[in-house]
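These are my notebook entries on a single model, kept in the order in which I looked things up. Each term is given its cut-offs where I first rely on it.

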Amino acid sequence: MMDYYETKYVLTVTIVNRGFADQVIDAAREAGARGGTIIYARGTGVHEMEKFLNISIQPEKELILIVIKKNEAKDVTGAITKAAGLKTEGRGISFTLPVTDLVGITSQFDDEEVVEIFQEDSKGTPT
């Protein structure tokens, strides 16, 4: 199994209040990302629990997933942080996770080696 320092790709995960995903995607594209996936979510943290007439309100969130080359991560996360105002308390969070197996988006990258990340043995079983 690869460790983080050997991976070529990372998954950038950004969680923002609903309505800010387009800003995140636009900033990420300007910094070199080629696109992403937006998932609608609901916050449950301490800052999320607001009350209105004694009813708890959980604000709607958007979760943005973007696979990028690891060497682009600082530029992309920096652009996202600036565009979405993530240094302001309660505006959101962004972090990266290592990607060790990647299949199916080879057209997104100019890297021929992306197919080789996910190896199969002679029986067709992923290794």
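**Entry 1: contacts of one residue.** I take a contact to mean heavy atoms within 4.5 Å. With that cut-off I looked up I64 and, leaving aside its neighbours within four places in sequence, found it in contact with T12, V13, T14, V16, A21, V24, I25, T37 and I38. For the record, this is a predicted model, in which local features need pLDDT of at least 70 and side-chain atom pairs count only at pLDDT 80 or more, while totals for chains, interfaces and linings use all residues. Residues are numbered from 1 along each chain as its sequence is written, and side-chain values use heavy atoms, with hydrogens and water left out.

**Entry 2: elements and totals.** I use helices (H or I, at least four residues) and strands (E, at least two) as DSSP runs, numbered from the N terminus. On that basis I find two helices and six strands in the protein chain, and their order from the N terminus on is β-α-β-β-β-β-α-β. Looking at contacts with a separation of 6 or more, I note that residues 24 or more positions apart account for 69% of them. The accessible surface, from the Shrake-Rupley method with a 1.4 Å probe and, for residues, only the protein chains shown counting as cover, comes to about 8500 Å² for the protein chain, and 51% of this belongs to carbon and sulfur atoms. I call a residue buried under 20% relative accessible area, exposed over 50% and partly exposed in between (1.4 Å probe, protein chains only); of the 127 residues of the protein chain, 28% count as buried.

**Entry 3: the core.** A nonpolar core is here a set of buried Ala, Val, Leu, Ile, Met, Phe, Trp, Tyr and Cys residues joined through side-chain atoms within 4.5 Å. Which members of the largest nonpolar core touch the most other members? Among its 15 residues they are I64, I66, I68 and I80. I then checked where this core is drawn from: strand 1 (9-17), helix 1 (21-30), strand 5 (60-69) and helix 2 (73-84) each supply at least two of its residues. In a regular strand the side chains alternate between the two faces of the sheet.

**Entry 4: strand pairing.** I count two strands as paired if DSSP finds at least two bridges between them. Strand 1 pairs with strand 5 in the antiparallel sense over nine bridges; within strand 5, K69 is the bridge partner of Y9, and I66 is the residue opposite T12. Strand 2 (residues 37-42) also runs antiparallel to strand 5, with six bridges joining them, and there I39 stands opposite L63. Strand 1 and strand 6 are again antiparallel, over eight bridges, with V16 standing opposite G92 in strand 6.

**Entry 5: the salt bridge.** How many salt bridges does a search of the whole structure find? With a side-chain nitrogen of Lys or Arg required within 4 Å of a carboxyl oxygen of Asp or Glu, the search returns one. The partners are E60 and R18, whose closest N and O atoms are 2.9 Å apart. The pair links distant parts of the chain, as E60 is in strand 5 and R18 in the loop between strand 1 and helix 1, 42 residues apart. I looked up the accessibility of both: E60 is partly exposed because its relative accessible area is 45%, and R18 also counts as partly exposed, at 42%.

**Entry 6: individual positions.** Is K61 buried or exposed? K61, which is found in strand 5, counts as buried because its relative accessibility is 8%; its C-alpha lies 6.3 Å from that of G43, 18 residues apart in sequence. V10, placed in strand 1, counts as buried at 0% relative accessibility, and I read a C-alpha separation of 9.1 Å between V10 and N71, which are 61 residues apart along the chain. K8 lies in the segment before strand 1 and counts as partly exposed at 36%; K8 and V99 are 91 residues apart in sequence, yet 7.6 Å apart from C-alpha to C-alpha.

**Entry 7: a surface patch.** Patches are made of residues with over 30% relative accessible area and no salt bridge, like charges being joined within 9 Å and nonpolar side chains (Val, Leu, Ile, Met, Phe, Trp, Tyr) within 5 Å. I93, F95 and L97 form a nonpolar one on the surface, with about 240 Å² of accessible area together. One of these, L97, is in strand 6 (residues 92-99) and counts as partly exposed, its relative accessibility being 38%.
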